[in-house]
Amino acid sequence: MKKYLLNTGLILAAFFITCVAIATGSYFNAGLAMTVGQESEIRVRAPRDTENILETNRNRQAALHFAENLHEVSTIDPAEWYVAENNLGLQRVDYESVREAYRMERNAYYEAVEMWNVQLAAHEEAYESSLAEWHVERDEAIAAGYPVPPRPVPLPEPYRPEWLAETYLMFNNFSNDLTEAQQELMVTMSAENFYEMWEAIESVARTVQTTHTIRYPIDIMTQNTVHFTLLSHHTMDRLTEELAVSIIIFNLRPNAIPDEEINRQNFITAKNNYEVVMILEGDIIVDERQLITQEIYDTLKELDMLAPESLMDNLYAVLGVFFLVSILFLACLMYLHFYRSSIAANSREAILLLVLYLLTISLVWTLSDLSFPVLPILIFPMLVAILIDRRCSTVLTFAVILICFFIVDGDMTYLMFYSASGILICLFSRYTTERGKSIWTGLLISAVMFVLAIAVMLITERSDTLQDPQVVQEMFITAGFAAVAGILTVFVCMGSLPLWETFFGVVTPVKLLDLTNPTNLLLRRLTIEAPGTYHHSLIVANLAETAALDIGANAHAARVGGYYHDVGKLKFPHYFVENLDGENPHDHLDPLNSTQIIMSHVSYGLTLATEHRLPQFVRDIIREHHGTTLLQYFYSKSRESDVECDEKDFRYPYTIPQTKESACVMLADSVEAAVRSMIPKIQSVDEVEKTIRFIIRGKLNDGQLAESDLSIKDVTVIEQSFFRVLKGMYHERIAYPAKAKVS
C-alpha cells in the first residue's frame with residue numbers, strides 16, 4: 001500500500017510539474033511582436049514607473065570604473081626607516097673610505113712633487129758648476145792657443161710626478177651614481193663640512209622617511225619635499241645641497257602600506273555613487289514607425305510587456321496540450337506496467353526515473369532560449385538507458401521530446417532532430433558502459449549528430465536560401481554546436497554515474513565491471529585466503545543473476561551481491577565447510593561457539609564492505625542473505641547435550657531480505673550449498689530439482705521471504721532458474737538412470 005501511494009504521488013508530482021513547465025514555457029509565451037532592428041507599428045507608453053536598465057547600467061559601469069581608478073590611500077611603515085638608516089650608515093663608511101684614500105693619494109702626490117723640486121734644483125746647481133769650470137777651461141785654452149773644450153750639456157730634467165686620481169675609480173663600486181662634480185666635492189670638502197652635510201642628510205632622511213608617504217619609483221613630489229626640508233633646516237651651497245639630495249633620494253625606501261579598510265570603504269562608496277535613471281508612467285518608450293533598438297527592447301522586457309499572455313487567452317490550446325500530456329503519461333505508465341513492472345515495485349528506480357525526468361525538463365525550461373541542437377534533452381535517454389533500461393528509455397524518450405516541444409516552442413526541425421538523435425543515443429548507450437569504447441562512442445555520436453543536424457536543416461530550409469553563403473555558414477555552425485552537444489552529453493552522463501550510483505544505489509554496468517573485476521582487493525583475497533568461498537560465491541552470483549533476470553529484478557545487483565555476500569568468511573575461512581582441507585575444527589568446539597563463529601561472517605562482511613566503500617545494496621545483501629535463518633546442524637547438536645537450549649541463540653540476528661535481489665542471493669546461497677553437499681550421492685536430476693524446491697519452500701515457510709516482494713509465481717520461476725543453471729553446471733557428475741532394455 002505504501003509503495004502504491006508513493007508511486008501515485010510521484011506520478012502526480014511529475015504531471016503537475018510538467019503542466020507548470022509547459023504553461024510557463026515558450027509555447028504559450030506571447031506579447032508585443034517587437035524585434036530589434038525593425039520599426040514599431042504602434043506607439044508604446046510605459047504602463048508604470050520602472051528603471052531604465054541600460055542607462056542605469058551605464059552609470060553603474062562609470063561609477064565602477066571611477067571606483068577602480070581611485071587613488072589608493074596608504075599609511076606609513078615605520079620599519080622602513082631602520083633599513084634606510086642602516087643603508088645610510090653603510091654608505092657613510094664607504095664615502096669616508098673614499099675620502100681617506102683621496103687624502104693619502106693627495107699627500108703622496110705632494111711628497112713626490114717636493115722630491116722632484118729637490119732633484120731639479122740639484123741638477124741646476126750641478127750644471128752651473130760645470131758651466132763655470134768650462135768658462136775657466138775655455139779662457140785658458142784660448143790664452144794657450146789650445147782648442148776650446150765642448151760646452152757642458154745640461155742634465156735631463158727628472159720625471160715630473162702626475163696626479164692619477166685613482167681614488168675616483170672607487171665610486172664605480174657604489175650603486176649610487178654621483179656626477180663628477182659631486183665626486184670631487186665629496187673627496188675635497190673639509191671633514192667639518194662632510195660631517196655637517198652627513199648630519200643634515202640623516203636628519204632630512206629621517207624626517208621624510210617617517211612623515212611622508214613614499215612610493216616606488218621616487219616621485220617628483222618626494223624629491224621636492226627633500227629639497228624643501230633640506231633648505232628650511234640647513235644652510236649649504238648649491239653643489240653641496242645637490243649632493244645631499246642625491247644621497248637622500250637614493251636611500252629613501254617605499255613605505256606606503258595600503259589602508260585596506262579605508263580603500264574598501266572608498267571603493268564601495270564610489271561604486272554605489274551612481275544615478276538610477278527612471279522611466280515614468282506615460283513616457284513614450286517607442287513611437288510609431290520608430291526603429292526598435294536594443295535599449296527599447298530591454299525596456300519593454302523589463303516592463304513585462306513581452307511576457308507570456310494569460311493562459312485564458314489560449315484556453316483551448318492549453319486544454320489540448322494538457323490532454324495530450326495526459327495521454328502521454330498514460331501511455332508511458334501502461335508501458336511501464338506491462339513491460340517494466342519492477343519500477344513500480346522498486347521505489348528507488350521509480351524515484352530515480354522521476355528525478356531524471358524532472359532534471360531534464362527543468363534544464364530544458366531554464367535553457368529554452370538556446371537553439372535546438374544544444375538543448376539538454378539527450379541526457380534523459382542516455383541516463384535512463386544506462387541506469388534503468390534501454391527499451392524503457394526508447395519509449396519514454398519520445399514522450400519527453402514531445403513535452404519539451406511545448407516548453408521550448410519547437411518546430412519541425414526540433415522534432416526531427418531530437419527524435420532521430422534520441423533513438424541514436426538509446427542504442428549507442430550500450431557501448432558507453434565499456435570504458436575503452438566510451439570515448440570512441442562519444443566521438444561517433446558527435447559525428448553522427450553533426451551530419452544529422454545538417455540533414456535536418458537541409459530538409460527544413462528552402463533551396464533558394466542555401467545560395468546565401470551566410471545561411472550555409474550558420475548551418476555549419478549550428479551543426480558544430482550539435483556535435484559538441486553530442487559529445488558533451490556522453491561525457492556529462494558518464495561523469496555523473498557515480499552520483500546516481502551513490503544516491504540511488506543503482507548498479508551500472510560500469511560499476512559492475514569494477515565490483516566483479518577479479519583484481520578487486522576483496523575478490524583477490526577470497527581467491528587466495530578462501531578459495532572454496534570464492535568458488536561458492538561465483539556459483540551463487542550466477543544463480544542469483546539468472547533468477548533475478550527471469551523475475552524482472554535487477555540482475556546486475558544480484559550478481560554483485562552474490563560475489564560479496566560471504567566476504568566476511570575471510571576472518572575465519574577454515575571454519576567454513578567449503579574451505580576445509582582435513583579435520584573439521586567444529587568437532588572440538590561447543591555448538592554455541594561454532595554458531596557464533598559462523599554468524600560472525602556477516603558482521604565482519606559488513607565491516608569489510610564499509611572499509612572498502614562497497615555500495616549500499618551490497619551491504620544490504622550481506623546483512624540480509626541469511627536473514628534470521630536457524631543454524632539447524634548446530635542447534636540439533638546442542639539439543640543432544642542440552643534439551644533446554646534456546647533456539648534463538650542459533651538464529652542469525654539480522655534482517656530478512658527486503659528486496660527481490662537480496663532474496664535471490666539468499667536462496668542461491670542455500671541451494672548451492674545444499675546441492676554441492678549432495679553431489680556425490682545424486683542419482684538423477686530429479687533429486688536436484690527436489691532439493692531446490694525443498695530448500696526454497698523451507699525459506700518460504702520460515703518467513704524469510706515475507707518482506708522481499710516475491711510472489712508465488714516469482715518463487716516458482718526462481719526454482720526453475722536454479723534448476724536450469726545447476727543442471728547445466730553439474731550434469732557430468734550426475735548419474736542418470738540406465739535406460740531399460742528393449743526386448
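A: Let us begin with a residue at the surface. Arg-613 has a relative accessible area of 72% and is therefore exposed. Please keep in mind throughout that the model is predicted.

Q: In which part of the chain is Arg-613 found?
A: Arg-613 is found in the loop between α22 (591-611) and α23. Its backbone also deserves attention, for Arg-613 has a positive phi of about 55 degrees although it is not a glycine.

Q: Which residue other than glycine has a positive phi near 65 degrees?
A: That residue is Asp-709, found in the loop between α26 and α27. Asp-709 counts as partly exposed because its relative accessibility is 40%. A further positive phi, near 55 degrees, belongs to Asp-409, which follows α14.

Q: How should I read the length of helix α14?
A: One compares the span with that expected at 1.5 Å a residue. Helix α14 covers residues 390-408, which is 19 residues. From its first C-alpha to its last it reaches 26 Å, close to the expected 27 Å.

Q: Where is the kink in α14 centred?
A: The kink is centred on Leu-396 and amounts to about 30 degrees.

Q: What is found at the start of α14?
A: There, a side-chain oxygen of Asp-389 comes to within 3.1 Å of the backbone nitrogen of Arg-391.

Q: How many residues of helix α13 are buried?
A: The test for burial is a relative accessible area under 20%. In helix α13 (residues 379-387), 9 of the 9 residues are buried, and the helix is mostly covered. Among them are Phe-380, Pro-381, Met-382 and Leu-387.

Q: Is Thr-56 buried or exposed?
A: Thr-56 is buried, because its relative accessible area is 0%. This residue is found in helix α2 (residues 53-68). A polar atom of the Thr-56 side chain lies 3.1 Å from the backbone nitrogen of Val-277.

Q: Where is Ala-530 placed, and is Ala-530 buried or exposed?
A: Ala-530 is placed in the loop between α19 (521-529) and α20 (531-551). With a relative accessible area of 0%, Ala-530 is buried.

Q: How many salt bridges does a search of the whole structure find?
A: The search finds 20 salt bridges.

Q: Why are Asp-620 and Arg-623 separated by about one helical turn?
A: An α-helix has 3.6 residues a turn, so residues three or four places apart point the same way. Asp-620 and Arg-623 are separated by about one helical turn because they are 3 residues apart in helix α23 (residues 616-624). Arg-623 counts as partly exposed, at 28% relative accessibility.

Q: Which side chain meets that of Glu-647 in a salt bridge?
A: The partner is Arg-651, with an N to O distance of 3.0 Å. Glu-647 is partly exposed at 31% relative accessibility, and Arg-651 is partly exposed at 22%.

Q: Which side chain meets Arg-693 in a salt bridge with an N to O distance of 4.0 Å?
A: That side chain belongs to Glu-719. Arg-693 lies in helix α26 (residues 685-701) and Glu-719 in helix α27 (residues 712-730), so the pair ties together parts that are 26 residues apart in sequence. Arg-693 is partly exposed, at 34% relative accessibility, whereas Glu-719 is buried, at 9%. Both belong to a network of salt bridges that also links Glu-689 and Arg-697.

Q: Which residues make the nonpolar surface patch of about 480 Å²?
A: The patch is made by Leu-330, Met-334, Phe-338 and Tyr-339. Leu-330 has its place in helix α10 (residues 315-339). With 46% relative accessibility, Leu-330 counts as partly exposed.

Terms used: Residues numbered from 1 in each chain as written. Predicted model: local features only at pLDDT ≥ 70, side-chain atom pairs only at ≥ 80, totals over all residues. Heavy atoms only, no water. Patch = residues over 30% accessible without salt bridge, like charges linked within 9 Å, V, L, I, M, F, W, Y side chains within 5 Å. Areas by Shrake-Rupley, 256 points an atom, 1.4 Å probe, with all protein chains shown as cover. Helix = DSSP H or I, 4+ residues; strand = E, 2+ residues; numbered from the N terminus. Buried < 20%, exposed > 50% of the residue type's maximum accessible area, 1.4 Å probe, protein only. Expected span 1.5 Å × (residues − 1). Bend = angle between axes of the 7 residues up to and from the residue. Polar contact = N/O pair within 3.5 Å; in protein donor to acceptor, adjacent residues only side chain to side chain.
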